[in-house]
Amino acid sequence: MDTNIITQTLEREIQSGLLAPGTVLKQEELASRFGVSRQPVRHALERLRTSGLLEKRPDRSLAVTGLRTEDVRELCQIRIALETTALTLSAPNLSASALRKARRLNEDLFEEEDPEILAELDRDFHRTLYGACGNERLLAMIADMRGEAKRAYALQPAGSRPRSAFYDEHNRILDALAAHDVTTACDILATHIGITAATLIPIDQP
């Protein structure tokens, strides 16, 4: 097993919430788990530290990074600005088939139990709505920002109130777009992003 596979596996577990913030990752235990020497594990942990998913503690151990309140707020502000711009540009060019595709994706994500697949469905839903904006650089920036918020999906399990709200907000966006009310669609989108971001703020932080 090489470094890439170890890195991808641990990243997936962090993003899905299986490895919670504060969890210490030990080279010896990981090497035993993956059946490899410490070297590929060391390289994988360094990649995760560089990407911001791990942080080095005073005792030199590496632990899963928690998201600071200010980080979440800044991410939310950037996402709202980028995604409402993309939706505004895309809306006049959206076809009826694109809206039907988005509704199908929303129905699928309502029932999905795997956070990783849920993230993919939500990405596809929003990409379908923004895809006609005519600005690939803007879409790439949105993809990067959405990637930083992937941990939110593990906090919205199927059947939960957050998942139902998530689903309902998507439908309201689609209803507004179908009525050619782009302003309302953007307002709902901004609220939707803000609520999703709020799930990432630990309850003991302001």
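The sheet is open and has three strands, in the order β1-β3-β2, with antiparallel pairing. Its edge strands are β1 (24–25) and β2 (54–56), each of which pairs on one side only. Strands here are DSSP runs of E with at least two residues, helices are runs of H or I with at least four, and both are numbered from the N terminus. Two strands count as paired if DSSP finds at least two bridges between them. β1 and β3 (residues 62–64) run antiparallel and are joined by two bridges. L25 has L62 of β3 as its bridge partner.

This is a predicted model, in which local features need pLDDT of at least 70, side-chain atom pairs count only at pLDDT 80 or more, and totals for chains, interfaces and linings use all residues. Numbering starts from 1 along each chain as its sequence is written, and side-chain values use heavy atoms, with hydrogens and water left out.

Two helix pairs follow. Axes are lines fitted to C-alpha atoms over the stretch in contact, and angles run from 0 to 180 degrees between N-to-C directions.

| Helix pair | Axes come within | Crossing angle |
|---|---|---|
| α2 (residues 27–34) and α3 (residues 38–50) | 9 Å | roughly 115° |
| α6 (residues 115–130) and α7 (residues 136–148) | 12 Å | roughly 155° |

The crossing angle makes α6 roughly antiparallel to α7 (the term applies to angles over 145 degrees). α6 passes α7 in a right-handed crossing (the near helix is turned clockwise from the far one by less than a right angle). On α6, the contact uses D122, R123, H126, R127 and Y130; on α7, it uses E136, L139, I142 and R146. Contact means heavy atoms within 4.5 Å. Five of these residues are charged, three nonpolar and one polar. Ala, Val, Leu, Ile, Met, Phe, Trp, Tyr, Cys and Pro count as nonpolar, Asp, Glu, Lys and Arg as charged, and the others, Gly among them, as polar.

α2 and α3 also cross in a right-handed sense. Q27, E28, L30 and A31 of α2 meet R38, V41, R42 and L45 of α3. This contact has four nonpolar, three charged and one polar residue.

The whole structure holds nine salt bridges (a side-chain nitrogen of Lys or Arg within 4 Å of a carboxyl oxygen of Asp or Glu). In one of them, the side chains of E83 and R79 meet at 2.8 Å, N to O. E83 and R79 lie about one helical turn apart, because they are four residues apart in helix α4 (residues 69–90).

Notes
Parallel < 35°, antiparallel > 145°, perpendicular 65-115°, else oblique.
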